[in-house]
Amino acid sequence: MVVSVLLGSMPDSPSSCRCFTMRVLVTGGAGYIGSHTAKELHQAGHEVVVLDNLYRGNEWAVRWGPLERCDIRDRQSLRLALARYDIQAVMHFAALAYVGESMSIPSDYYDVNVGGTLQLLQAACAAGIRHIVFSSTCATYGSPDHLPITEDTPQLPVNPYGETKLTAERMLRWFSSAYGMRYVSLRYFNAAGADPDGEIGESHTPETHVIPRLLFSARDPKASFQVFGNDFPTPDGTAVRDYVHVTDLARAHLLALTYLAHGGDSTAVNLGTGSGTSVKELLRTAELVTGRSILVEWCPRRAGDPAALVASSQKATSVLNWTPRLSTPETILRTAWAWHSREHATPGRSSTTCAPLPEPALAPQAAAVEVRK
Ligand SMILES: NC(=O)c1ccc[n+]([C@@H]2O[C@H](COP(=O)([O-])OP(=O)(O)OC[C@H]3O[C@@H](n4cnc5c(N)ncnc54)[C@H](O)[C@@H]3O)[C@@H](O)[C@H]2O)c1
């Protein structure tokens, strides 16, 4: 059993989170945000167990604890894993997380994001686990009329991805009131960037996210970067999104765990920066950071694509004591470029490909490629 002693005030840095340690199950810990959070937890003295079926994750990204190769829909295996490692808290990242894909295969999204979350919560309840940190998303808000988006903005998702994440949030609320577990739902805006130490980064196959695709285009002068829409009602006409550095997101998970361990009530918190960046601004910064020019293919807007999505981070600051530290476009691109350059200098380590994007019509929430989730 890991010692669990709660002392002191809320920490504002990972190193000051050492006032207690826990053994934490990180579902989806072989994925992008889960692996960065596993590192953050490990550095703060927690013990990490990763549970992932590797459907979209990378085994090489599991470096800070053992990997249980298991599907979250498999309740029996979940129960065995929770018992074997004497898990005390769960961070639940495992999910299908592409807006466009969710429009064409909603059944899979309900199966994993709702059905899998139900199995996980049931297994966690049976194991007596009381603390859950859940990866939610700005996609639960849909296309709000007013910015910045606060936690009180109505949640009106416009695609199956956002709908299934909202259903999971609601499931957590009822489990919390009936069974006494406490949770923090973290509603991320656009995760971006890479571990500043260069150990891990963003690597999906195929890659649909805006920063890696920009960097692929920077590396290959013939590979154009598609921008969807230059006639939005924004200062430069391209879509505006709120990009948060993945290490800032990881630190928010640590702070959420600390909040729960100190007796904090169940809650939901936006993780954004309060300021937006347009696709053109990202493009300019990518050219500056890489020193290369990027070939652009201007494409029409995608149906249902909001002009701007920006979060208020006030609640994250007041409840979790979280403020973003690395979430500027320049730091995001510098860390991502450093990692991508290293990856491609070591062929075979990651198998990321940059295949053609899916049909735009399937992705009503995407701005320039899949820029938000
Ligand atoms: N990336 C973003 O910008 C963003 C924004 C908002 C919310 N989120 C949420 O954050 C979480 C992590 O996102 P990510 O970008 O790291 O995605 P990711 O695809 O890199 O990671 C998801 C991980 O879950 C695993 N997984 C999927 N289905 C599983 C199953 N049935 N059983 C076990 N493991 C399974 C995958 O193999 C993968 O390793 C997701 O829940 C996503 O909805 C992401």
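Trainee: How should I read the numbering and the model?
Mentor: Residues are counted from 1 along each chain as its sequence is written. The model is predicted, so local features need pLDDT of at least 70 and side-chain atom pairs pLDDT 80 or more, while totals for chains, interfaces and linings use all residues.

Trainee: Are α4 and α5 roughly parallel or roughly antiparallel to each other?
Mentor: Helices here are DSSP runs of H or I with at least four residues, numbered from the N terminus. The axes, lines fitted to C-alpha atoms over the stretch in contact, with angles running from 0 to 180 degrees between N-to-C directions, come within 9 Å and cross at roughly 15° for α4 and α5. Angles under 35 degrees count as roughly parallel and over 145 as roughly antiparallel, with 65 to 115 roughly perpendicular and the rest oblique. The two helices are therefore roughly parallel.

Trainee: Which helix holds E330?
Mentor: The helix in question covers residues 329-345. E330 lies in α10.

Trainee: Is E330 buried or exposed?
Mentor: A residue is buried with 20 or more other C-beta atoms, placed from the backbone, within 10 Å of its own, exposed with 12 or fewer, and partly exposed in between. E330 has 12 such neighbours, so this residue counts as exposed.

Trainee: Which residues does E330 contact beyond its neighbours within four places in sequence?
Mentor: Contact means that C-beta atoms, placed from the backbone, lie within 7 Å. The C-alpha atoms of E330 and L282, 48 residues apart along the chain, are separated by 8.5 Å. The contacts of E330 are T285 and V289.

Key
Two residues are in contact if their C-beta atoms, placed from the backbone, lie within 7 Å.
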